[in-house]
Amino acid sequence: MADLALNTLTTPRLHLRPFTEADASFTLALLNDPDWHRFIGDNGTRTLDDARSYLRDGPLTMYARDGFGLLAVDLTETGETVGMCGLIRREGVADVDLGFAFLPDHRGRGLAREAAEAMLRFGHEQLGLPRIVAYVAPGNAPSARLLGALGMQADGTTTLPGSTEELLMFSSVAAE
């Protein structure tokens, strides 16, 4: 398994890197964006300490446990952190899934697509994952369109362990 905590991904406009607790301000802003609450959920993150806990219990734990996880997405030109994108291994779910979210001012510019393409390629080619899935709330048409543009196939609906919310599921299968 790759040790992504020591690696980064680079695209023409982006630098994807492991989160640190120093990313708490960005994380607090992203997790309190109204679209995050609407499409991903409100996990109660309201303070910088909450954001640091989210980072410790989420991405940082994933790096140690799985060797991959959600990465901070920085603009190469300015170094500004504008989003997150990565692979998530969820308890009780067979497939690894692709997740992404960007601050409102950085949506609609192709940044999520650029980051997600790099992450899918990394997952299939470097981690050897034969199948990667993505879950989308039914009302989140922009994310569903992006997954389709990435070549991911719609695979019906599903619910995640511990939830009753029905989500759209997409999948990407590694080229042979």
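At least two lining residues come from each of the following: helix 2 (34-39), helix 3 (48-66), helix 4 (111-126) and helix 5 (141-149), together with strand 4 (81-88), strand 5 (96-102) and strand 6 (131-136). Please bear in mind that this is a predicted model.

The pocket itself has a volume of about 1,400 Å³. Its lining comprises 49 residues, and those closest to the centre of the pocket are W36, I40, G99, F100 and A101.

Let me now turn to strand 4, one of the elements that supply the lining. Is strand 4 mostly covered or mostly uncovered? It is mostly covered, with 8 of its 8 residues buried; here, buried denotes under 20% relative accessible area.

Strand 4 has two pairings to consider. With strand 3, residues 70-75, strand 4 forms an antiparallel pair over 5 bridges. These two strands make a hairpin with 5 residues between them, and in that hairpin G79 adopts a positive phi near 80 degrees. With strand 5, strand 4 also runs antiparallel, and 6 bridges join the two.

Which residues stand opposite G86 of strand 4? In strand 3, the residue opposite G86 is L70. In strand 5, the bridge partner of G86 is G99. G99 brings us back to the pocket, as this residue is among those closest to the pocket centre.

How values were computed: Residues are numbered from 1 along each chain as its sequence is written. This is a predicted model: local features need pLDDT of at least 70, side-chain atom pairs count only at pLDDT 80 or more; totals for chains, interfaces and linings use all residues. Side-chain values use heavy atoms; hydrogens and water are left out. On a 1 Å grid over the protein atoms alone, a cavity is a set of points where a 1.4 Å probe fits but cannot get out, and a pocket is an open set with protein on both sides within 12 Å along at least five of seven lines; lining residues have an atom within 4 Å of a point. Grid points are joined across faces, edges and corners, and a volume is the space filled by probe spheres set on the points. Helices (H or I, at least four residues) and strands (E, at least two) are DSSP runs, numbered from the N terminus. Buried means under 20% relative accessible area, exposed over 50%, partly exposed in between (1.4 Å probe, protein chains only). Two strands pair if DSSP finds at least two bridges between them.
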